[in-house]
Amino acid sequence: MPTPPIARQLRMPRLLKVRLEGFSLYSAKKTIDVTFSKGAFCLAGANGMGKSTFLAALNYGLTGIVPDPNRRFDSVAEYYKYSLGFADAFFNGRIDEDDRDKAQVSIDLEIGADVFRFTRGVFEREQLRSLIVESSDGESVEFDGRPLTPHKRHVRFTQLVPAQIGLDTFEQFVFLQQFVFTFDERRHLLFWDEKVLEQALHLCFGLDPKDADTADSLRREAEVAGSLGRNFHWQAAELKKRLEQLESVSAPGESAEELDDIRGRHKKLTVERDEAEEAAHSAEQERADADLLFAKTTAEVARLSAEYERAFAEYLRGSASPAAHPVVKASLSEQRCGLCGSSGTGIVEAINANVNSDLCPLCGSKIVARIRTPDILKKLDSELAQQKTEMRKAMARRERAIAEASTAVGRFNDTLSALDRFEREYASLLEVGEDGDGSRIQRTIAGYREQISTLLSKRQKQYEKRDEKKKELNRLRRNLIAQYSEAEERFVPVFKTLAHSFLGINLDVRMEAGARGVSLTVSVDDVPRRKIFQLSESQRFFVDIALRMALLKFTSPPGSKASLLVDTPEGSLDIAYEKRAGDMFARFVLDGFNLIFTANINTSQLLLALASNCGTSHMRLNRMTSWTELSEVQRAEENLFNNAYQQISAALAKGSTRPR
Amino acid sequence: MPNMLSSFDFLFLTEKLSGKFGTATFGEIHLFSYLGCLLSLFGGQPVADWGYGFAGLDTGAPFSAELQGAYQELESAGFVANSGGKVVITEQGKYQLEFLSTLRLFDPRKIYLAAGCESLLCFPVGMVRNAMSMEPGLRPVLKVGGARPLLETTALEQLHEHFDALYGVLGQPHDLLAPSTVWLSYLLELSRKYDQDLALRAQA
Amino acid sequence: MIDINRMRKIAESLYSPMVEAIHGERGTRALRDVLEFLQAFYKRLAPETRKSRILVLKHLDDVTLDPLLDANECPSVSHMPTFSDDQVVVQVLQNGRSLVSQTAVVDPVQAAQESVVYTYEERIEKFYAGAEVRTVCNPGVGYASIFAVPTFDDLKLALDEYRDKHARKTSCQILAQAWKGQKRIVFRNAPESTMRNSLTQFLKDCVRGDVEVRPEQVVDQSHPVDIKVTWYMSNRLGLIEIKWLGASKKGPNKLTRYSEGRARKGAKQLADYLDGNAVQAPQQETRGYLVIFDGRRGGVKPWTTRINHANGFKYEHAEIVFSPKYHHTRSDFDPPTRMFMEPVCD
């Protein structure tokens with residue numbers, strides 16, 4: 001057996017600097033400048049301050065993509081293509097309208113011997129505002145993007161980066177950066193996503209990145225072919241059912257009766273529907289009529305009430321004799337004019353004279369009988385009472401009509417549904433319609449048979465295509481397995497050491513090939529944990545992080561200081577494991593790799609362990625307190641962190657002096 | 001602005017109360033009109049049908065601007081007269097009332113107004129007044145102070161609670177005497193208790 | 001929050017639901033007639049003066065009861081005869097007429113089968129309908145019957161009534177608590193609040209009109225007024241100041257004694273207060289009323305537990321001489337109302 005070549009290496013980027021501008025989320029600081037020195041860089045802050053956004057912005061700057069957490073991974077190429085639009089939605093809530101044009105991410109990174117310096121506008125898809133590639137000693141400019149358009153700069157970027165790294169396509173870089181070398185808030189676990197893991201394995205252990213691409217395409221094509229084949233199969237099955245129905249009634253004799261029976265029932269349902277429709281229509285008309293009558297009677301009652309009110313007021317006024325007015329009465333009884341104060345018996349005589357002559361005692365006008373007689377009031381009273389009765393009747397009729405219309409419409413809808421169900425069940429028979437000798441049925445049967453045959457043939461073709469692709473894929477997988485086997489003895493110890501420092505128990509990993517592809521299986525104390533729930537959540541997360549660290553270490557050339565991004569899982573770590581997680585991180589960092597990760601008060605034990613191990617020479621802690629205006633809750637959380645922070649600072653100082 | 005309903009009520013109540021006491025006071029007319037309105041609610045009539053509204057004065061008594069306006073009109077017409085600050089019905093007023101009582105428009109309210117006045121068969125007027133100060137609309141006026149509109153949603157809900165309870169204990173009465181006396185007795189107990197509590201607090 | 005259990009208990013104990021339940025509409029009509037009759041009747045005949053029973057009934061069909069076949073028919077209450085001390089039986093008929101007898105023997109329970117029956121005996125009133133009976137609850141202070149509670153237009157008349165009917169013989173249950181002991185020789189310590197409560201309750205029940213009767217919470221030298229009576233539809237205000245005379249038990253061997261000097265002092269306080277009120281609210285028509293609860297006795301010592309008639313009634317007619325006589329010199333000062341309160345003598 002020929003010796004397989006040694007796996008190639010990937011020079012994944014080492015991040016040097018990042019600048020975020022116009023990120024309104026960081027309300028207190030319009031420009032965020034972060035320099036990543038070697039080792040661990042920790043971004044610490046209370047919940048909701050934007051730690052995850054920082055990592056997402058970093059990755060966005062690198063790749064032009066923000067992963068859509070709801071998008072399923074199908075293939076590397078498809079994932080890139082369909083995720084391009086998500087960045088806008090992600091940043092919309094985090095960047096104000098006024099800052100949209102200003103918002104940009106500027107990154108300095110190192111790949112191999114080159115330093116890339118570039119700026120990407122947050123809302124500018126597949127564009128770069130600037131791009132320069134220099135040698136790492138700063139002596140020469142390898143590429144100056146200034147003359148190019150933003151899009152062309154981006155295109156060049158997508159060519160240069162994978163080439164420097166050792167990948168075939170930019171999409172592969174995006175995949176590795178977003179899925180493998182970033183553990184983010186999506187909590188997408190490599191171990192338990194077979195498609196993602198297989199692609200990662202191809203890229204990390206495969207000899208040729210093109211193989212990874214090919215495997216990715218083949219897998220996707222096989223899936224699509226299989227799906228199409230199943231569709232054709234299902235369609236054929238449906239047609240078969242209808243064919244059986246037709247065949248069952250196409251035989252002469254008794255089947256004609258069955259057909260007649262079906263037709264008869266159909267006719268009955270149709271008639272019922274028509275009758276119900278007619279009834280509903282009538283009921284609706286009755287309701288409209290009742291509505292109108294009610295409106296009319298109500299208006300009439302209102303009119304009569306107003307008329308009554310006027311008549312009543314006039315009646316009261318008119319019924320009063322001037323002599324009954326209090327001023328006149330008082331004047332008469334006191335013999336003193338209530339207006340001018342004159343007194344004497346002459347007053348009484350004067351007033352009485354006027355009153356008796358139907359003259360107003362005040363102004364002397366003739367008092368015209370302008371009253372409304374009681375009869376008019378009585379008449380209005382009677383009319384109003386009657387009209388109120390009519391209104392009550394109209395109301396009752398309206399209520400009844402509404403209820404009846406509702407019932408009729410309901411009944412109509414029921415008949416519609418029944419007819420619809422019947423027609424769908426017997427569609428084939430009803431389509432055929434009546435004919436004297438059943439020839440139409442036969443023609444339909446023949447047609448169905450032909451269709452079924454075509455569908456089955458198509459199905460077969462798709463399955464064949466699927467099998468062919470799978471065969472190709474399996475070949476590639478076999479290569480991968482062979483390559484992995486070679487790499488295993490170097491890779492597995494790396495992983496085991498990292499994982500052991502976290503779990504404290506013996507963890508093993510092995511590649512397995514099954515019907516669904518190639519995957520890694522982890523065993524704890526020699527017992528395989530194939531199902532995700534067979535490890536606790538904390539264990540899962542950190543074993544996964546350990547895998548990523550191991551992959552990065554394995555694929556990186558010596559002296560490479562590639563960066564792993566980790567959005568530390570908050571709240572899911574058991575206290576017992578926090579310190580161990582810190583130890584695991586420390587081991588990774590002290591082996592010369594860079595770790596950019598987030599933390600909050602819940603992971604202070606992790607930070608303490610990391611700080612103690614790393615010291616200031618290999619770790620920096622950056623508190624986000626000055627980045628944003630804190631809410632009351634956030635301020636409280638930050639205050640809680642103060643003590644822990646002091647301890648970590650002390651541990652950092654102490655860690656620096658420890659012998660390594 | 002008075003309306004025909006408030007005018008009728010004023011005349012009706014003046015006649016009823018004058019028959020009992022010789023005269024009617026303004027406060028009593030407002031009180032028994034309000035009681036009549038509440039009894040109409042008990043009888044299932046919508047509150048809007050009463051035709052005019054009431055406010056609670058900070059003395060714990062009800063008042064209606066329409067009723068008071070009706071007095072002006074009726075006095076000008078000579079149907080009622082002021083007698084030492086109280087109201088009496090004139091002969092002309094009696095005649096008019098007799099006629100108006102034949103009109104069907106006023107049939108429903110006569111029942112409730114009369115039923116309200118009939119409470120005076122069982123209680124002295126002072127007790128009716130004390131009891132009514134504990135009615136859900138007036139009670140907060142007395143306890144908290146400050147005039148406020150009556151027959152608002154909250155008070156109506158509480159009133160309906162009272163009335164539902166009355167129906168619960170009495171069933172469907174054919175007459176208003178029993179429910180009105182039960183209710184006023186209940187409210188009177190509350191009033192007594194309120195006075196006792198006030199007195200105890202003052203002593204303490 | 002409505003207490004439905006309490007309402008139920010009231011309904012179960014009240015006579016009007018009983019009558020409706022037993023005799024239906026006819027019963028309710030009959031009950032109305034009985035109630036109307038009682039109010040008119042008790043204006044003529046004070047029930048507390050009666051030692052023997054009063055029975056009033058209304059037959060559902062106006063059929064004359066056998067025992068009343070030869071009774072007097074009276075066209076109205078005002079035509080009724082003067083009654084002896086014997087029991088009184090009345091059958092109420094239509095249109096204000098009635099049959100009256102002092103000799104007829106009527107069993108209320110039997111009569112109640114076809115009538116609504118009312119009885120009054122020893123301050124206990126009952127209604128009978130069918131086989132049911134209900135005792136009438138009388139929340140009124142000091143009146144033998146709730147149907148006999150008067151209504152006053154005039155505050156002065158109301159105070160006089162209170163003096164004669166409630167204070168004199170301490171008929172009011174609230175006022176009774178002012179005394180230390182059943183003999184009504186000395187008052188309890190600080191009896192003024194009890195007196196105020198009693199008088200307040202009486203005024204609230206018995207003064208008609210547009211009044212609000214409010215006991216004052218702060219009563220001291222500068223605020224001598226005990227009760228404010230407001231006529232809220234006019235600008236009239238009545239201010240009542242209460243003073244008590246006599247002795248109150250301060251400790252086992254100590255009595256607080258107040259004599260007529262206190263009444264005079266009270267008059268001055270009230271006059272000063274009226275002056276102050278006139279300045280503050282000149283548009284208000286205010287009138288002052290000085291009410292004196294006179295519990296003075298002769299020869300009372302801290303250990304006195306019994307009293308003879310001479311000592312007990314020593315101050316019955318001892319009118320207080322006021323100087324100055326504010327009720328003469330001021331138009332806003334009503335003549336003081338002295339309420340002599342009788343003791344229980346040996």
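**Note on strand pairing, helices and the C–B contact**

1. Arg236(C), in strand 12 of chain C, is the bridge partner of Trp231(C). Helices (H or I, at least four residues) and strands (E, at least two) are DSSP runs, numbered from the N terminus. The model is a predicted one, in which local features need pLDDT of at least 70 and side-chain atom pairs count only at pLDDT 80 or more, while totals for chains, interfaces and linings use all residues. Residues are numbered from 1 along each chain as its sequence is written, and chains are lettered from A and ligands numbered from 1 in the order in which they are written.

2. Strand 11 (residues 227-231) and strand 12 (residues 236-251) of chain C are antiparallel, with 5 bridges; two strands pair if DSSP finds at least two bridges between them. These two strands form a hairpin with 4 residues between them. Strand 11 of chain C is also joined to strand 10 of chain C, again antiparallel, by 5 bridges. Here Thr230(C) of strand 11 faces Glu212(C). The covered face of strand 11 of chain C holds Ile227(C), Val229(C) and Trp231(C), while Lys228(C) and Thr230(C) lie on the uncovered face.

3. The contact between chains C and B involves 37 residues of chain C and 38 residues of chain B; residues are in contact if their C-beta atoms, placed from the backbone, lie within 7 Å. On the chain C side, at least two residues each come from helix 1 (4-13), helix 2 (15-44), helix 6 (192-206) and strand 10 (211-215). Helix 2 of chain C contributes the most, 9 residues. By type, this side of chain C comprises 15 nonpolar, 11 polar and 11 charged residues. Nonpolar means Ala, Val, Leu, Ile, Met, Phe, Trp, Tyr, Cys and Pro; charged means Asp, Glu, Lys and Arg; the others, Gly among them, are polar.

4. Chain B contains 9 helices and 5 strands. Of its 204 residues, 54% are buried, that is, 20 or more other C-beta atoms lie within 10 Å of their own, C-beta atoms being placed from the backbone. Among contacts in chain B with a separation of 6 or more, 70% are between residues 24 or more positions apart.

5. Chain A has an open, antiparallel sheet of 6 strands in the order 2-1-4-5-6-7. Its edge strands, strand 2 (31-35) and strand 7 (141-144), each pair on one side only. Within the sheet, strand 1 (residues 14-21) and strand 4 (residues 104-111) of chain A are joined by 7 bridges, and Arg14(A) stands opposite Glu110(A). Helix 1 (residues 51-63) of chain A packs on this sheet, touching strand 1, strand 4 and strand 5 (114-121), at about 70° to strand 4. For such angles, axes are lines fitted to C-alpha atoms, for helices over the stretch in contact, and angles run from 0 to 180 degrees between N-to-C directions.

6. A further open sheet in chain A has 5 strands in the order 8-12-13-3-14, with parallel pairing. Strand 8 (182-183) and strand 14 (619-623) of chain A have a single partner strand each, so one side of each is left without a neighbour in the sheet. Helix 1 of chain A lies across strand 3, strand 8, strand 12 (563-567) and strand 13, at about 145° to strand 12.

Definitions and conventions:
Two residues are in contact if their C-beta atoms, placed from the backbone, lie within 7 Å. A residue is buried if 20 or more other C-beta atoms lie within 10 Å of its own, exposed if 12 or fewer, and partly exposed in between; C-beta atoms are placed from the backbone.
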